[in-house]
Amino acid sequence: MTMTPGASPETAVDDKFAQAISLLVAARTVTVLCHVQPDADTIGSGLALAIVLKRRGVDVEVSFATPSELPESMNELPGRELLVAADSVHRDVDLVVSVDAGSRGRLGALAECLDSADATLVIDHHRSNTRFGTLNVVDPAAESTTAVIARLLDAWNVEIDVDIAHCLFAGLVTDTGSFRWVRPGSHLLAERLLATGIDGASIARRLLDSHPFGWLPMLGSVLGSATLVPDAVGGLGLVYAAILRTDSAGLRSEEIESVIDIVRTTAEAEVAAVLKQQDADEWTVSLRAKSSVDVSVVAAALGGGGHRNAAGFTAYGTKDAVIAALIDALG
Ligand SMILES: [Mn+2]
């Protein structure tokens with residue numbers, strides 16, 4: 001669909017909602033795909049949509065390719081009984097919906113489900129989204145994919161009750177960094193969700209503020225080896241730290257993903273990076289920027305993607321080689 005002259009991007013997204021609802025109403029079997037290494041936004045979006053579809057009598061499944069288990073911090077989200085293991089997902093469905101994934105690659109092995117479905121609907125808010133669905137509802141201005149889902153449900157006249165609100169709030173509170181990265185309307189959505197009776201403090205604490213004691217010595221080791229490169233990023237500075245497999249042994253993804261939120265607070269660096277060792281020479285790299293650098297562009301150049309201020313990619317080689325390539329890409 002082409003945007004009419006003068007139409008705001010917001011209006012263009014709203015037009016897409018009507019088409020998305022048509023697809024959702026027509027489907028009797030739906031598979032909802034969340035991205036690999038799922039966060040609360042992708043799972044919250046997937047479960048909220050699945051709850052709605054299930055209540056309408058749709059045969060619906062939610063899945064993600066890796067890891068095999070849902071992160072522990074998300075195992076109290078309503079609708080989790082609709083999650084199925086990646087290898088048991090039904091392939092021959094009317095509609096596949098991808099939530100919070102910026103590209104096919106972010107769906108891992110489950111991306112192939114897109115090829116056998118009659119229709120594919122991509123719902124997302126990543127700036128780098130590659131529009132890989134037959135219909136793409138992508139709003140890069142949205143705080144979270146759950147915020148996009150909330151607008152979809154409003155357009156659909158579906159009531160957001162306490163279970164759906166719990167799922168939507170999970171994505172909103174995490175993707176806004178506990179409501180630090182917000183825009184006009186963010187708090188109105190939060191207020192609506194809280195007014196259903198959900199326990200916002202408890203949801204936030206479980207998702208963002210609960211770590212086993214082993215997190216503390218891991219932080220000591222990883223942060224102790226953090227490095228500041230003042231000359232990088234054209235003199236704006238890069239700070240980085242690496243989490244070796246020996247550092248993270250026995251810890252959950254929640255502990256590993258928390259490190260970037262500490263490293264990025266470094267005042268002397270515009271860009272922060274955390275390298276997470278997956279295999280001897282395989283790293284997933286998280287990038288954060290404060291204001292003047294678009295790390296989604298840098299991540300895309302290195303094979304990944306994301307948002308302007310938060311992005312990531314996978315790299316192969318020694319830690320030093322990965323850092324050198326990153327410094328080079330940052331200019
Ligand atoms: Mn998100």
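## Strand and helix numbering

Helices of at least four residues and strands of at least two are DSSP runs, numbered from the N terminus. In this predicted model, Pro 67 is accordingly placed in the loop between β2 (59–63) and β3 (95–99).

## Backbone geometry

The peptide bond that joins Thr 66 and Pro 67 is cis, with omega at about -10°. As background, most peptide bonds are trans, and most residues other than glycine have a negative phi.

Two residues other than glycine have a positive phi. Arg 131, with phi near 55°, lies in the loop between β4 and β5. Asn 157, with phi near 60°, is found in the loop between α4 (145–155) and α5. Arg 131 counts as partly exposed because its relative accessibility is 42%, whereas Asn 157 is exposed, with a relative accessible area of 74%.

## The manganese site

Four residues coordinate the manganese ion: Asp 41, Asp 100 and Asp 175 through OD atoms, and His 125 through NE2. Along the sequence, the donor residues follow the spacing D-x58-D-x24-H-x49-D. The pair His 125 and Asp 175 links distant parts of the chain, the two residues being 50 residues apart. His 125 is in the loop between β4 (119–124) and β5 (135–138), while Asp 175 belongs to helix α5 (residues 162–175).

Asp 175 has a relative accessible area of 22%, so it is classed as partly exposed.

## Asn 129 in the β4–β5 loop

Asn 129 also has its place in the loop between β4 and β5. With a relative accessible area of 6%, Asn 129 is buried. A polar atom of the Asn 129 side chain lies 3.2 Å from the backbone oxygen of Ala 101.

Which residues does Asn 129 touch, leaving aside its neighbours within four places in sequence? The contacts are with Ala 101, Gly 102, Val 122, Asp 124 and Val 138.

## Domain arrangement

The protein chain is divided into domain 1, covering residues 9–209, and domain 2, covering residues 214–330. Nine residues from domain 1 and ten residues from domain 2 take part in the contact between them. The centres of the two domains, taken over C-alpha atoms, are separated by 27 Å. The size of an interface is often given as the accessible area lost when the parts come together. Between domain 1 and domain 2 the buried area is about 780 Å², and carbon and sulfur atoms give 44% of this area.

## The annotated region and helix α8

An unreviewed UniProt entry carries the annotation "domain: DHHA1" for residues 239–326. Over residues 239–326, the chain is 34% helix and 35% strand. The end C-alpha atoms of this stretch are 11 Å apart.

Gly 224 lies in helix α8 (residues 215–224). At a relative accessibility of 65%, Gly 224 counts as exposed. The C-alpha atoms of Gly 224 and Leu 53 are separated by 48 Å, and the two residues are 171 residues apart along the chain.

Conventions: Residues numbered from 1 in each chain as written. Predicted model: local features only at pLDDT ≥ 70, side-chain atom pairs only at ≥ 80, totals over all residues. Heavy atoms only, no water. Donors = N, O, S within 2.8 Å, 3.2 Å for Na, K, Ca; no water. Buried < 20%, exposed > 50% of the residue type's maximum accessible area, 1.4 Å probe, protein only. UniProt positions renumbered as here; feature names shortened; annotations may be inferred. Polar contact = N/O pair within 3.5 Å; in protein donor to acceptor, adjacent residues only side chain to side chain. Contact = heavy atoms within 4.5 Å. Domains from an automatic or database assignment. Buried area = accessible area lost by both parts, 1.4 Å probe.
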